[in-house]
Amino acid sequence: MAKLFFTDFLDHPEVYDAAEALWKARFDALAEKHQFAYAPYINVFARNGDKLRDGNPIFSAEVKNLNRAVRIIQEAIEQPDDFFISAWLDTFPIDEDNPLNELVIPLVLSEETLEVAERLIVHWLVEGRSKEEMERVLEEELALLG
Amino acid sequence: MAKKHRGRIQAQGGDTEKSVSWSQDTPLSKEHGLTLLEDLEGQLTKKEKEERKKQLVDARRFIENIEGGIDAVNKRSFYSRDKGNLRIDIEVLGGIAFICMIVGFLLFLFFNKS
C-alpha cells in the first residue's frame, strides 16, 4: 500500500509549500552527499505576483556544470492507494546554442515514488550516464514498477 | 540575435516531435499563444491528435487562465498517466508570454516611450 504524502497539496497553500520544502530538503541532501551545486531554473510566479501552485513543476534543479536539470511534476491523487511515477528526457533551449538536458519526473508523491525519483536523479546527475543509457535505465526502472 | 520574447509549444513523445515557436520584440499575447497552439494541432496527424486530446485541452486551458501573463523561464508539460510520455510542452524561453492584448499594448507603449 502506497504511503502517500501531502495528499491535499493542491487545496492548501501551506501544504503545497511544505511539499515543495520536502523536495528542496531531499535535493539539498543529495547535493551535499554527492557534492554538486544546483539552482532552480523554472519561474513559479505569475506576473501578478501569485505563486503558481499547480505542481507543474513543484521543483526544478539545474546543475550548471553538467548542463543537466531535473524537473518534478507532482500530481493530485486519483484514488486512495494511488501509485504513479513516470519519467522522460527532454531538452530546453534557454540557451539556443546549448540546450539544457532535462530529466522530467511526473509522480504522485509517496514514500515509494520519492525513493524511485531519487534513484533516477542519482543516475542522471551523479553517475554521469549518457542519454542513451538513461533511456535504458528509465525503461528498466519503470518496468519494475509494473 | 534572439529577440526578447521567445518560446515554443511542442508535441512530443512516441515518434512525434513537432513544434511551433515565437520570437518577437513584444510580449506574446494569449490570443497569439492560442493561435500557435491551434497551428501545432494542425500539424498533428489524426492519431497524434487523438493521443494528445486531453493534453491539448489542458494546454489551452493553461494559456486562457494564466492571469497577467508569465515571465521566462517557464516550462509546463501536459501529459496523461496512461499515455506514457506523449505530451504537449509549453516553453517560455525569454521575455513574457500569454498576456491580454490590452496589457501587451500598454507594455509596448511603456517600453517604447523613451
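Contact here means heavy atoms within 4.5 Å. With that in hand, let's take a walk through this predicted model.

Before you click, note that residues are numbered from 1 along each chain as its sequence is written, and that chains are lettered from A and ligands numbered from 1 in the order in which they are written. Because the model is predicted, local features need pLDDT of at least 70, side-chain atom pairs count only at pLDDT 80 or more, and totals for chains, interfaces and linings use all residues, while side-chain values use heavy atoms, with hydrogens and water left out.

**Stop 1: a glutamate in chain A**

Select A:Glu141, in helix α3 of chain A; helices (H or I, at least four residues) and strands (E, at least two) are DSSP runs, numbered from the N terminus. Is A:Glu141 buried or exposed? It is buried, at a relative accessible area of 10%, where buried means under 20%, exposed over 50% and partly exposed in between (1.4 Å probe, protein chains only). Leaving aside neighbours within four places in sequence, A:Glu141 is in contact with A:Val116, A:Arg119, A:Leu120 and A:His123. Its side chain also makes a polar contact with that of A:His123, at 3.4 Å. Such a contact is a pair of N or O atoms within 3.5 Å; within protein, one must be able to donate a hydrogen and the other to accept it, and residues adjacent in sequence count only if both atoms are side-chain atoms.

**Stop 2: the cores**

Next, select A:Trp23, A:Phe27, A:Leu103 and A:Ile105, the residues with the most contacts inside the largest nonpolar core, which has 34 residues. A nonpolar core is a set of buried Ala, Val, Leu, Ile, Met, Phe, Trp, Tyr and Cys residues joined through side-chain atoms within 4.5 Å. Helix α2 of chain A gives the largest share of this core, eight residues. Zoom in on A:Phe27: beyond neighbours within four places in sequence, its contacts include A:Phe36, A:Tyr38 and A:Ile121.

**Stop 3: where the chains meet**

Show both chains: 30 residues of chain A are in contact with 27 residues of chain B. Between them the chains bury about 2300 Å², 47% of it on carbon and sulfur atoms; this is the accessible area (1.4 Å probe) that two parts lose on being put together, summed over both. How many salt bridges are there between chain A and chain B? The count is nine, a salt bridge being a side-chain nitrogen of Lys or Arg within 4 Å of a carboxyl oxygen of Asp or Glu. One of the pairs to pick is B:Lys75 with A:Glu102, at 2.7 Å from N to O.

Now pick B:Arg81 and A:Glu78, whose side chains meet in a salt bridge of 3.6 Å, N to O. B:Arg81 is partly exposed, at 22% relative accessible area, whereas A:Glu78 is exposed, at 60%.

**Stop 4: inside chain B**

Finish at B:Arg60, which forms a salt bridge with B:Glu38, the closest N and O atoms being 3.0 Å apart. B:Glu38 lies in helix α1 and B:Arg60 in helix α3 of chain B, so the pair ties together parts that are 22 residues apart in sequence. B:Glu64 also forms a salt bridge with B:Arg60, at 3.4 Å.
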